[in-house]
Amino acid sequence: MTGKLAGHYDIQLIGSFNQENAVAAGLACLRLGTSLADIQKGIAQTSVPGRMEVITQTNGAKVFVDYAHNGDSLEKLLSVVEEHQKGDLHLILGATGNKGESRRADFARVINAHPNLHVILTADDPNYEDPQAIAEEIASQVTRPLDIQVDREKAISQAMARTNNETDAVIIAGKGADAYQIVNGERTAYAGDLNIAKNYLN
C-alpha cells in the first residue's frame, strides 16, 4: 500500500470492497494517532463472523459463507469468488418471508447473469410464508432449471458433495453467522451455515 498507510498489509477478508473498508478503517485509526504497526496488526487479525468466511473441504474445494442478502451484495460476492475459483460454483440461496419481496426478482436477475452457476434454493427466515413457494417464485424468473431443497442443512450438504477439486466452490449466501431461522414469527434453533459446513468437510 502507498500513501499515508504505506507498507505491507495482510487481510483475511478477500474482495476489493473489503480492502477498501480496511483502508478507510486504517486512515481513521491513523488520524486518531494509532501507529502503522498497530494498524497493520489490527487489519491482519480482523475477521467478521458471517462475512466472507472461507473453509476448505478435504478435496480442496472452498466453502464461502457470507451475509449477502440482496441482489447487489450477491453480485459482489459471486464476482469475488469467481476471481479465485475457476471450477464449478454451487450457490445456496434463499429469500426472507414477509419482507423484501422485491429481492426475489433481484436474485433471479443475478442468477440469470451467471449461467454456469449451480443453484440450490432453500429456506432463509421464511417467517409466515412457505419456503417452497418462495423458492418457486425465484425459480419461475430464472431461465434454466434450479434445484430446490428447503431444508437448509440438506442443501448445504448436497452442494458440498458435488464438488470435486480445489477449483470448485460452494457459496452459502444470506444468513452469515445467524444461529436461527425465523419461522412463524419465532426464532427457531439453527446451527449456523459455517458450523453446518464444517460438519460436512470430510
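Is D147 buried, partly exposed or exposed? At 35% relative accessibility, D147 counts as partly exposed (buried is under 20% relative accessible area, exposed over 50%, partly exposed in between, with a 1.4 Å probe and protein chains only). Welcome to a predicted model, where local features need pLDDT of at least 70, side-chain atom pairs count only at pLDDT 80 or more, and totals for chains, interfaces and linings use all residues. Residues are numbered from 1 along each chain as its sequence is written, and side-chain values use heavy atoms, leaving out hydrogens and water.

**The sheet**
- Six strands form an open sheet with mixed pairing, in the order β1-β2-β6-β3-β4-β5 (strands are DSSP E runs of at least two residues, helices H or I runs of at least four, numbered from the N terminus; two strands pair if DSSP finds at least two bridges between them).
- β1 (53-56) and β5 (147-148) stand at the edges with a single partner strand each, so one side of each is left without a neighbour in the sheet.
- β1 and β2 (residues 62-66) run antiparallel and are joined by four bridges, with T56 opposite K62.

**Salt bridges**
- The whole structure holds nine salt bridges (a side-chain nitrogen of Lys or Arg within 4 Å of a carboxyl oxygen of Asp or Glu).
- R162 and D147 meet in one of them, at 2.9 Å from N to O; R162 lies in the loop between α6 and β6 and D147 in strand β5, so the pair ties together parts that are 15 residues apart in sequence.
- R104 pairs with E137, their closest N and O atoms 2.9 Å apart; R104 is buried at 1% relative accessibility, while E137 is partly exposed at 33%.
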